[in-house]
Amino acid sequence: MAMSPVSLSADPLDQSWYEASARARIDALLDPGTFEEFIGPEQRMMSPHLPAFDLPRAFDDGIVVGRGLLDGATILIAAQEGRFMGGAFGEIHGAKLVGLLRAARAVKPAAVLILFDTGGVRLQEANAGETAIAEIMRAIADLRRAGVPVVGLIGGRAGCYGGGGLIAGTCSRLVVSEGGRISVSGPEVIETNKGAEEFDSRDRALVWRTMGGKHRRLIGGADAFADDTIRAFRDAAREQIGRAPAFDLATLEAEQARLEARLDRFGDARDATEIWGRLGVNDPAAVPGLDTDRFDTLLARLPEAPHDAR
Amino acid sequence: MEKLTFRHRTSKPLPGTKAQAITGVVASGNLEVLMERSLAPDECTVEIETAINGYGPVWEAVVSDFVGRRQPGGLRITINDGGARPDTVTLRLLQGARLMEAV
């Protein structure tokens with residue numbers, strides 16, 4: 001599909017994922033009219049900490065959780081609102097996701113979808129946020145062991161950083177778009193700690209080719225690359241739910257071996273384009289400009305398919 | 001932070017049957033508006049929590065204008081504000097009323 005800056009379609013599925021709010025993403029992603037929210041805004045379950053910092057709160061604490069149908073199958077879903085405090089995990093925000101994941105063990109849905117859009121832990125309630133990250137990772141491991149796939153969708157303006165990046169690493173499958181970024185330390189954090197010579201956060205091209213969707217897909221840190229539309233994410237999510245790997249010792253040992261091999265092979269690379277070259281990409285400099293079809297064609301032609309390691 | 005509450009009488013209830021609606025997000029220059037159909041048909045309350053202090057008279061004018069234009073009887077309106085301009089506030093209130101009018 002050619003890049004088009006503005007969608008002229010009235011169909012909610014044609015909306016930009018990047019531009020849409022958490023609620024708009026859920027509404028268009030699920031079968032129409034099937035979303036049922038848990039702990040909705042009318043319950044006013046807001047942060048108990050933000051008033052101490054004289055900061056405004058949100059009725060849903062920046063995350064929408066609930067149940068709905070995808071192709072007629074029941075799924076549980078959580079969507080972070082990246083525009084409220086960068087989608088960061090606070091106490092209530094984190095507890096809502098932990099609760100959803102634990103509920104999934106009882107409900108046994110066809111899948112849990114997590115629509116990441118986060119800069120990580122909310123600094124104003126950091127202890128609660130860090131605890132939530134650990135609890136979420138534990139809950140995902142338990143859920144996957146119980147046979148429920150957990151699929152992460154990443155394409156929002158806040159990307160998927162900090163603890164969100166750690167949680168993404170525990171998901172069964174990840175779908176990412178060009179606008180999505182996955183990492184732990186964000187560009188500004190790296191620059192602050194290591195200097196602009198190490199990582200210039202204002203160099204947008206550097207940020208995107210180091211943390212962006214295409215790089216993550218090429219090195220196996222994400223399992224599908226999607227156009228920036230809700231339809232593309234919906235299609236990719238349906239496909240990836242069916243491809244969730246088993247969660248057992250053999251999978252984890254294979255993952256460990258793949259990660260070790262990746263470090264051996266690319267650990268000395270100075271730039272993502274070097275890694276792409278070593279993977280067999282003929283013209284690494286052209287990769288950022290490829291549209292989704294041509295990028296998928298490139299992936300199919302590589303000597304080795306991207307593996308599952310993230 | 002500043003908390004403001006406005007109570008209005010309306011000549012009629014807001015049409016529609018939707019019990020609640022939410023629009024907007026709390027972000028810089030933006031706000032979220034929660035509307036609930038939970039009051040008497042000729043009453044409307046607007047409760048605001050705003051990050052920007054000292055704009056009570058502006059809020060009062062924007063809310064009065066909205067109530068006058070839409071007659072949102074029956075609505076309890078609650079706002080979390082991240083520092084939105086008056087035109088944005090009006091836009092979100094009108095969006096919310098439109099959502100509540102859906103059958």
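## A walk through chains B and A

Select chain B and read along its sequence: the pattern is β-β-β-β-α-β-α, with helices (H or I, at least four residues) and strands (E, at least two) taken as DSSP runs numbered from the N terminus. The radius of gyration of chain B is 12 Å, close to the 13 Å that the globule rule gives for 103 residues, so this chain is as compact as a globular protein of that length; the radius is taken over C-alpha atoms, and the rule is 2.2 Å times the number of residues to the power 0.38.

You're looking at a predicted model, where local features need pLDDT of at least 70, side-chain atom pairs count only at pLDDT 80 or more, and totals for chains, interfaces and linings use all residues. Residues are numbered from 1 along each chain as its sequence is written, while chains are lettered from A and ligands numbered from 1 in the order in which they are written.

Color chain B by pLDDT (the predictor's confidence in each residue, from 0 to 100): the mean is 97. For the model, ipTM is 0.95 and pTM is 0.95.

Now switch to chain A, with 11 helices and 7 strands. Its C-alpha trace spans about 55 × 50 × 45 Å along the principal axes.

Next, pick residues 204-211 of chain A, helix α6. Show Val207(A), Arg209(A) and Met211(A), its buried residues (20 or more other C-beta atoms within 10 Å of their own; exposed is 12 or fewer, partly exposed in between; C-beta atoms are placed from the backbone).
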